[in-house]
Structure formats: structure tokens, C-alpha cells
Amino acid sequence: FSARHADGVIALGDCMRDRLVESGTASANIHIVHNWADATRIFPLPSPTIGPVHLLYAGNLGMAHDVDTVLDAIAALKSDPGLRFTFSGGGARRGYVEDRCAAIGGKDVSFLPYQSAEELNTLLASADVGVITQMHQTAGLLVPSKLYSLMAAGRAVLFIGPRKSTVAAILEESGCGWQIDCGDVEGLVALLQRLRDDRDGIRLAGECARQAFLTKYNRPLAVSKLTGIVCGKQPDTGSAQ
């Protein structure tokens, strides 16, 4: 009701716009402004070059996030020394994830609390691949903001979630990561086994992530677009400072 009667609606991506249109909001009233990160606070640091490939989930573990696909893959790969996982953050499903990992056993999985803004860049730099998950039924209701921090850090992205979503579209367009459907444990295991032996491919995806981030998702670009919408004009995002 609010969206249908507003003078303008800001959506966080194409999937959210499409869901709003399906619910009766006029497409002409919808403006897309992506989430963003700040390139001066999150930036690439040297990637790990030895040891297991490190996959990092950093952020909220909530009801909108698919954790079982990741956990089932961890169980299937628990004897593989070439991969390790870190979960950093909290949320409603954090305890469930810890309990399942304890029951699985035998796998290099670690847990950290939420990191401060000052610590986040170092945390992201410790990873080879950043992990994002989203339940299929939430497509268009949210766009995970952790994507933009991972891209700012120049890290490859593994997305477990709906193919018809903003995250999946950005990964495909920029070549900065991989999408796996929720529940496709076999596909995820095969992908992780391939990435385990392809650090060059991971590094290239991370470079693509940073390049796409600077072109489209850096904070000044998003803020300039947002203020332009509020002021009734579209800014020249290419010259945003």
C-alpha cells in the first residue's frame, strides 16, 4: 500500500523492482539504487597464496539465509584438507550452524563474532572466496549488502541463492563469482573441488569484482544517484566524487 501511494520508491535491485511491480507499484515510480561500500575503507589486500582455499561467510545468519546447502557441502567435504570455512557474525541461525558443524566434525571450520568496521577489511582479506546465501522465496524482498563489501575487497563471490536475483545478475555480468541454487549440494561440492585447485581463477574473479565495484557500486556513485533522485534529477554518476 505504501509503495503504491508513494511519489517514488527506491529499490535495491532489478529483482526488488520486479517484485514491486508485481504487487501493483507503477514501474515509472521505481528507482534503483544499489547498496554500496566505501572504497576508501574496504580495499584489496594481498590474497592468501598457500594453504587451504579459505571460504568466508561474514555477516548475519538469519532466517532469510540458506545455511543447510553450505553445511551439507561441508559434511561431504569434511575429509578434504584443501578447503576451510569461517563464519563471522551472528543472527538467529548462528547457533544452529555451530551445532551442525560440531556434529559434522573433522573439518576445518572456525567461528568469529561480528567484526568492527576497522577490522572488516582485514577479515575480508583473509579469505579467498566470500560466501553469500539467500533463500529462494526471498528474491526481490532483499539484496544482500555483503556483496558490495566483498567486491570492494577484491574477493571472488560464491552465491547460494536464486538465479533470478540481483546478486546472481551482478556475478554473471561482472564475472566475479559463481551462483549455485539452494539445495544443490552436489553442484556446490563439485564447484568447491574445482576452486580448490584453481587459485588463478579465484584471483581473476576477485580482480573483476573490484573493477566492477569501482565502476558501479562505490559509495560516491550511489550517494550521487540517490541525491539526484531525491532532488528530481539524474546525476552524472561518472563524475561523482
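Predicted model: local features only at pLDDT ≥ 70, side-chain atom pairs only at ≥ 80, totals over all residues.
### Gln134 and its surroundings

Gln134 is found in the loop that runs between strand 6 (129–133) and helix 6 (146–152). Its side chain has a polar contact with the side chain of Thr138 at 3.2 Å. The side chain of Gln134 also reaches the backbone oxygen of Leu142, at 3.4 Å. When neighbours within four places in sequence are left aside, Gln134 is in contact with residues from several parts of the chain, among them Ala64, His65 and Asp66. Its contacts also include Ala139, Leu142 and Pro144, as well as Phe159, Ile160, Gly161, Pro162 and Cys182.

### Gln179 in strand 8

Gln179 is part of strand 8 (residues 177–180). Its relative accessibility is 17%, which is under 20%, so Gln179 counts as buried. Leaving aside neighbours within four places in sequence, Gln179 is in contact with Phe159, Gly161, Pro162, Arg163 and Ala168. Phe159, Gly161 and Pro162 are also among the contacts of Gln134.

| Side chain | Partner | Distance |
|---|---|---|
| Gln134 | side chain of Thr138 | 3.2 Å |
| Gln179 | side chain of Asp181 | 2.8 Å |

### Pro48 in a loop

Pro48 lies in the loop between strand 2 (30–32) and strand 3 (53–60). Its relative accessible area is 25%, and Pro48 is therefore partly exposed, a class that lies between 20% and 50%. Apart from neighbours within four places in sequence, Pro48 is in contact with Ala125, Ser126, Ala127, Asp128 and Arg199. Pro48 and Ser174 are 126 residues apart along the chain, and their C-alpha atoms are separated by 22 Å.

### Helix 3 and its two partners

Two packed helices are described by the angle between their axes and the distance between the axes. Helix 3 (residues 68–76) and helix 4 (residues 94–104) have axes that come within 10 Å and cross at roughly 15°. That angle is under 35 degrees, so helix 3 is roughly parallel to helix 4. Their crossing is right-handed. On the helix 3 side, Asp68, Leu71, Asp72, Ile74 and Ala75 take part, and they meet Tyr96, Val97, Arg100, Cys101 and Ile104 in helix 4. By class, this contact has 7 nonpolar, no polar and 3 charged residues.

Helix 3 also packs with helix 8 (residues 185–196), at an angle of about 60° and with the axes 9 Å apart. Helix 3 and helix 8 are therefore oblique to each other. Helix 3 passes helix 8 in a right-handed crossing. Here Thr69, Val70, Asp72, Ala73 and Ala76 in helix 3 meet Val185, Leu188, Val189 and Leu192 in helix 8. The contact of helix 3 with helix 8 has 7 nonpolar, 1 polar and 1 charged residues. Asp72 of helix 3 takes part in the contact with helix 4 and also in the contact with helix 8.

Conventions: Residues numbered from 1 in each chain as written. Heavy atoms only, no water. Helix = DSSP H or I, 4+ residues; strand = E, 2+ residues; numbered from the N terminus. Polar contact = N/O pair within 3.5 Å; in protein donor to acceptor, adjacent residues only side chain to side chain. Contact = heavy atoms within 4.5 Å. Axes fitted to C-alpha atoms, helices over the stretch in contact; angles between N-to-C directions. Parallel < 35°, antiparallel > 145°, perpendicular 65-115°, else oblique. Left-handed = near helix turned anticlockwise from the far one by under 90°. Nonpolar A, V, L, I, M, F, W, Y, C, P; charged D, E, K, R; others polar. Buried < 20%, exposed > 50% of the residue type's maximum accessible area, 1.4 Å probe, protein only.
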